[in-house]
Amino acid sequence: MGKGGGCIPSKKKAPTSAPENSDPVSVEGLIPENNATTSSQERVIQEVRKLRVFIVFYSMYGHVESLARCLKKGVDSIEGVEGVLYRVPETLPEEVLQLMKASQKDDQVPLISAAEKLVEADGLLFGFPTRYGSMAAQMKAFFDSTGQLWREQKLAGVPAGFFVSTGTQGGGQETTALVQDLEYMSSLTLELVLGVFVFKGWTAITQLVHHGMLYVPIGYSFGAGMFDMDSIRGGSPYGAGVFAGDGTRQGSETELALAEYQGKYMATIVKKLAQKS
């Protein structure tokens with residue numbers, strides 16, 4: 001490129017005057033750099049602002065928390081989405097927790113003391129242990145505190161899912177029946193008495209239904225791991241799960257992998273919904 005030629009004009013070369021009949025140049029046309037800078041700044045802001053999936057859980061002995069951390073790992077693996085851990089408030093006094101030999105809580109996981117915090121999430125995953133086939137009272141108390149959000153339907157349209165921990169294989173890993181007609185109530189009550197895990201998922205799902213949230217189960221999309229019969233495995237089409245046994249059993253490799261997969265799955269759904277909105 002010769003001196004004074006090409007893309008950069010020479011300083012010694014007199015500027016060429018515009019033709020007399022040319023149209024006037026608009027002011028906006030003289031500052032394309034500013035527009036480009038603004039667009040660049042907007043793109044940076046959009047890239048910094050990640051979609052957030054709140055992973056809200058209650059864990060007495062650490063089993064649900066182990067699933068929650070795997071879920072977060074899965075969420076964080078999807079570009080543009082991050083998982084945020086929250087613990088719901090405890091309802092039992094400290095002396096009772098000590099008698100029950102409950103695990104120490106990790107102070108790095110913040111309490112979600114105000115239900116209104118949920119409106120900041122792009123997706124929600126709720127985790128809890130089961131108590132006689134239903135969610136733990138601590139989680140139910142938290143859901144009960146969302147009345148104002150329900151009244152204003154602030155969570156309508158937000159995708160949400162569940163993950164659980166149970167002591168036994170028949171303790172509530174999945175819902176075997178969803179109540180669709182009152183005539184089934186007596187048979188469902190009998191099933192509950194006989195130990196069939198009926199009401200855990202049903203009572204959980206109703207929380208989402210009344211809020212207008214979008215229930216996102218994982219189905220059998222996990223693949224071959226969902227059909228493995230060679231070892232004991234928690235989890236179901238409804239979501240990740242772990243068998244705690246007497247409390248000493250920890251989540252297996254497959255159970256933790258399923259939890260991580262659920263996190264990825266939810267993050268993918270959240271991202272797709274955000275792109276279409």
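Nine aromatic pairs occur in this structure, which is a predicted model. In one of them, the ring centres of Phe128 and Phe162 lie 5.8 Å apart with their planes at 65 degrees; planes over 60 degrees apart count as edge-to-face, so this pair falls in that class. The pair joins distant parts of the chain, since Phe128 belongs to strand E3 and Phe162 to strand E5, 34 residues apart.

**Aromatic residues**

- Phe128 has a relative accessible area of 0% and is therefore buried.
- Phe162 has a relative accessibility of 6%, and because buried means under 20%, this residue also counts as buried.
- Ring pairs connect a cluster made up of Phe126, Phe128, Phe142, Phe143, Phe162 and Tyr215.

**Overall architecture**

- The protein contains eight helices and seven strands.
- Of its 277 residues, 37% are buried.
- Among contacts with a separation of 6 or more, 74% are between residues 24 or more positions apart.
- The accessible surface of the protein is about 16200 Å², and carbon and sulfur atoms contribute 57% of this surface.

**Helix H8**

- Helix H8 covers residues 253–276, a run of 24 residues.
- At 1.5 Å a residue, H8 should span 34 Å; the C-alpha atoms at its ends are 35 Å apart, which agrees with that expectation.
- The buried residues in H8 are Glu255, Leu258, Ala259, Gln262, Gly263, Met266, Ala267 and Val270.
- In general, an α-helix has 3.6 residues a turn, so residues three or four places apart point the same way.
- The cover over the buried residues of H8 includes strand E1 (51–57), helix H2 (63–76) and strand E2 (81–87).
- Strand E3 (123–131), strand E5 (159–166) and strand E7 (241–243) are also included in that cover.

- His63 lies in helix H2, and H2 is one of the elements covering the buried residues of H8.
- The relative accessible area of His63 is 4%; the cut-off for a buried residue is under 20%, so His63 is buried.
- Apart from neighbours within four places in sequence, His63 is in contact with Ser165, Val242, Ala244, Gly247, Arg249 and Gln250.

Note on methods
Residues numbered from 1 in each chain as written. Predicted model: local features only at pLDDT ≥ 70, side-chain atom pairs only at ≥ 80, totals over all residues. Heavy atoms only, no water. Helix = DSSP H or I, 4+ residues; strand = E, 2+ residues; numbered from the N terminus. Buried < 20%, exposed > 50% of the residue type's maximum accessible area, 1.4 Å probe, protein only. Contact = heavy atoms within 4.5 Å. Areas by Shrake-Rupley, 256 points an atom, 1.4 Å probe, with all protein chains shown as cover. Expected span 1.5 Å × (residues − 1). Phe/Tyr/Trp six-rings, centres within 6.5 Å; stacked < 30°, edge-to-face > 60°.
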